[in-house]
Structure formats: structure tokens, C-alpha cells
Amino acid sequence: MSDQIKHECGIAMIRLRKPLQYYIDKYNTPLYAANRLYVLMQKQINRGQDGAGVANIKINTCPGTRYISRYRSVETDAVTSIFGKIAKKFKKAKKTGTQENLEDADWIKENIAFSGEVWLGHLRYGTHGENSIETCHPFLRQNNWRSRNLVMAGNFNMTNVEELFGNLVKLGQHPKEKTDTVTVMEKIGHFLDEENQRIFDKYRGLPNKDITEYIEQELDVARILRRSCRDFDGGYAMAGLIGNGASFVVRDPIGIRPAYYYADDEIVVIASEKPPIKTAFNVEYSAIKEIKPGHALIVNKDGTYGEYEILPPKEKKSCSFERIYFSRGTDPDIYQERKKLGRALVPQILKAIDFDVKNTVFSYIPNTAETSFYGMIEGLEDYLCAKRKEVLLEGKPHLDDLEELLSFRPRVEKLVAKDVKLRTFITNDNDRDVMVSNVYDTTYEVIRPGLDTIVVIDDSIVRGTTLEKSILTTLDKLNPKRIIVVSSAPQIRFPDCYGIDMSKMKEFIAFRGAVALLRERGQDYVLDQVKDKCLAYPNAEENFVKEIYANFTDQEISDKIAQIITSDAIQAEVSVIYQTVANLNLSCPDHLGDWYFTGNFPTHGGMKVVNRAFVNYMEGKGVRAY
């Protein structure tokens, strides 16, 4: 994506189902789980580079032994930093213990931190606030009773944090923060406390030490989650560890945020994506399962596990941006979906170039658009093959000689390259123009000046900033006749509120285009009308902002976007082609979360957020709407 945006976080969880000694004996290391968690997190580094955290719980330790360990980091290479610190603890133990000690699981658990059976890792992209260790997951809710301790991390945003916070206050709590992570943790923690109390009351009269054992064995994690999640509004895949050794990952009922798992007699592993599980444990893709929407995968203290319904599943609307951009393209399903997205654009591209393939050069903006580019080229090859059949089998006339007709292929060149590793999305707005102008470079002497058209595909166009300030300027230096920018995603028209940092209307080039068209045509009053509705009906389950786009065709907005991103210095004619929503859904039929493009938010909170975001725009407030 040329316009990078902060987005979904990543989670990774490992539960060893056998005693630690088993892994020491079989794999010749007490770091079996740590090493694999490291791989899981490194293979999901695409999901978060602002910070990372790891938590570990030892099961069945003696009183007086520390059984919860946690490291968090906001260093440049946070994952490596954390695991380097964990490794140092074992290296230090080698100096103080004997070789026999280092092969003894009981000695290791008693003397070395991060040697427990339950592991939780998190990768963070900060969607708001400062980027500090305090904002990094996992978060910890501590208590002197093991079964009341809670460690939480997740990939989520709640749209109703104010409501959830208010509910905690009504319960008599005094939350230390109003962030969604703390609010969610305290909500689950409240019902964890109640579950502890319920079992305590059941065995009241027995010695407290005995009751503690019953509580740890009988905790009903599914019951806790059902009571906790019933008023959550948002997209979430939330992971939690309980101090007794139980763990869970719970997913929202619409399946917005992803979560996958693999289990055998040795381990249960959960991650935000399938390829990291495949790589870390060398298992077949078919063995990796998706946690069903509205369900939780729960691993009990004794290592038994199951998938339990927490909330009634609704129509699945999992995030299509996962498929277009965020998740690793090495997932076989995602790879094919991205190729389909590129192929689906071919009819629009051919029409835009007047079917003049001979005088067109095709390229892509690295790196995530590469797969859709392959699909686009395959579609062009199919088109040329069909034309050859028309000439050879149906005898249709043609201008070229037969040899040229048979040998012709689409002209493919790598015209755009990232010259410097700059993350433009971490800069402030004033500095962005300077940054983006230096990110890309081009290949010279492959375009025939004044004759060739350049078609360059990107996976999506969010702000248009990089196109306007860098890519178009760079490509125009090649003196093409035309530049056609193609997006494998449809026009991004609405903010996201479920885990991706796209919250301000003014940032969307499609919204800017629609507003510009309204003003050109003297229809500014539409903006005021929509604002009035948003203010009059703040709790409406209707997206009033759709009315702004209803005045124009998709093509009219695309044409206006092309004008906006084309500076006076650009000599070539510029046009923009966007994917259609229909083709997006055909390409990714199992992932129909398209609210960014259609405005069809799957939750009530989403509707409230989009209307609030528009009011913020109209009032000049540069804040998030949730």
C-alpha cells in the first residue's frame, strides 16, 4: 500500500499440553515454546511494529514462587529485544546451575522466569495515544489469588467504550483508564471475580486452601466470557490468560477480526494468521482451523480444550482488508484472492487504454500489490489468447503480421521501487510531504516518450498523498502519454472503527472528491443536511453519510480523484480506476466486511461512529470518532 496506515494488531498464544519435562526430553531444550512463539510473532510483524509484549504463566507452582512473567518493549525491533532478554535468563541460569539442573523441569520452573506452560504474545500498532510501554499489551490485572489474575491482549477496537466504562462505574469499580483494552480487561476481570466467588460459596465451610483448588479446577471460562461480552460492540479477537493456567481467545460474533488455531496432543496454538502457525509448527494448512465467530477457544488448566459459543453468531462480515493488504500473502487462500482481484480489473483497464495493449506498459507499486499484478497480467494474457483465436479460428481481420500476433505479450516492467525504508505513516502531517517524495524511485529508458501509456496497480488508495507527492511525479519523469493508476480495492469512503486506524473523514481521497464535486455543483447544502441529521439522531442505526456519495457515480468520483492527485507539474494525462465492490465480494466470497467501501457497518456502534466522524469533519475537529 503506497498510503500506509496503522492497522490491526497481532496475537499469538501457545499452551503446552504436556509437562515441561516432556519437551526438554524430546526437543532437548526448555525453550521449545519460547522459540516457537518467537517465530509466530516474527511472522506476524506485518501486523504491528509500534511495540510488542510477551507474558508467561507457570502452572502448579509452589507458594512463594513467581508464576507470572511479562516483558514489553517499544524498541525498534521489539520482538527480538524481548526474546533476547528471555534468553539471557536461561544463559544466566547456566552459570549458576549444573547441567543436570538445566535438564530438570522442576528446577527450571522454580529458578527461571518465562519457563511456564502458557504463553501469550502481542504485536501492536497504536491507533491513538502515545506509544509507550504502558500502552503495550499484554495488560495485567493482579490479585493474590491465582485464579483471580488476568492477563489480556487483543486485536480489537470497541465502539462503545464510554458505555462500557459507565457500566463499570455503576458496578462500583474505579477504572484507572478509559481505553478499550483496560475497560475490556476490567469487565472480564469483574466476572472472573464473580465466578471465583460463586465457586467459593458452593464449597463454603471447607478449608479455604481446599476451596482454592476447587476454584482453579472448576472455573467456567465460557460462563465468564458470556457474561462479559454481551454488551461489547466492535470487532475483536481477545486473548486472555488466567493465573491458574487456563487461557482463551474469544472472537466477535460477526467475525470481523481473525483468529486461527491448531491443536494436537502436545500443543494448542492460536494466531491472527495461518502462515505463522504453518511455519512455526510445520503443519498442513488443512489442520489449521478458524475460530468461529461468536466463539471462544478455551484451554482449561488441565490442558483440555474446546470451542464454545459465547454470543450467537451473526452474518459473517470478516474484514476484507485482511485479504487485500494486511495479512501475509503467503496464505494460499489470500494469494488466490489477490490474484482474482487483479484479474477482475482487466475489463476496466482495457477500456481505459482503448484496448491498445501494444503501447501500454504494466507495472505495480511494491510490495503488497505484486500478487494482484500477477492476476492482472494473467487476465491480459487470457484476453490476448482470445483475440488470437478470433483471428486464427474465426478469420477476423487484424493489422499485425501473424508472427507478431502469435508472439506478442503484455509489456511488463518494474517501474516503481522503494528506494528508502521510510514509514511515512509515523510522521506528522507537516513533514509527510517531504517524507513521501523520497520513498520511491523509478526505472528509466523503458518507456517510449509521448507514446506509451503506463498502467500501475496499487492494492488500495486511501489518502492519495503518496500518489500525489511522489509516485505520479516519479512516473511522469519517464514522459509517458498517460498514467493510469489502478486500485485493487474499491474507493475507501468511510472510517473504520473495528481495529484499523482510518477514523477521520478528511483523510479519504474519495470523500475529498465527493465534497469537491458537491461544491463545484453548488450542492454544499447537502453537507449541512447530513450534519443536521447526524446531530438530530445520534443513536440512529443508519449511515447518513451515504447521502453525500449518492449524488455521484463511482466514475465521477474516480475522475475527480484523478484531478486532485494531479499537480500542475504533471505533464501526462492521469486517470484512476477502482475495483468494484461486486468484484471484491466475488474475489473474497468468505470475507464480506466491506463497510469501508459501502458504509454498511455491521454493528450499531459502527453507524454511530461514521455519523460522529462526519460531524467532527464539519466542525473542524481532528479527533477520532470512537
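How do strand S8 and strand S12 pair, and over how many bridges? In this predicted model, strand S8 (residues 247-251) and strand S12 (residues 295-299) run antiparallel to each other, joined over 4 bridges. Within that pairing, Ser247 sits opposite Val299 in S12.

Let's step back to the sheet these two strands belong to. It is an open sheet of 6 strands, ordered S5-S6-S7-S8-S12-S13, with antiparallel pairing. At its edges lie strand S5 (139-141) and strand S13 (305-309), each of which pairs on one side only. On average, neighbouring strands of the sheet are turned by 20° against each other, direction ignored.

Next come the helices. Helix H6 (residues 180-202) packs on the sheet, where it touches S5, S6, S7 and S8. The direction of H6 makes about 130° with that of S6. Helix H5 (residues 161-170) in turn packs against H6, with the axes of the two helices 10 Å apart. Their packing angle is about 40°, which means H5 is oblique to H6, because angles under 35 degrees would count as roughly parallel. The crossing of H5 past H6 is left-handed.

| Helix | Residues in the contact |
|---|---|
| H5 | Val161, Leu164, Phe165 and Leu168 |
| H6 | Asp180, Thr183, Glu186 and Lys187 |

Sorted by class, the contact of H5 with H6 holds 4 nonpolar, 1 polar and 3 charged residues.

Technical notes. Residues are numbered from 1 along each chain as its sequence is written. This is a predicted model: local features need pLDDT of at least 70, side-chain atom pairs count only at pLDDT 80 or more; totals for chains, interfaces and linings use all residues. Side-chain values use heavy atoms; hydrogens and water are left out. Two strands pair if DSSP finds at least two bridges between them. Axes are lines fitted to C-alpha atoms, for helices over the stretch in contact, and angles run from 0 to 180 degrees between N-to-C directions. Contact means heavy atoms within 4.5 Å. Angles under 35 degrees count as roughly parallel, over 145 as roughly antiparallel, 65 to 115 as roughly perpendicular and the rest as oblique. A crossing is left-handed if the near helix is turned anticlockwise from the far one by less than a right angle, and right-handed if clockwise. Ala, Val, Leu, Ile, Met, Phe, Trp, Tyr, Cys and Pro count as nonpolar, Asp, Glu, Lys and Arg as charged, and the others, Gly among them, as polar.
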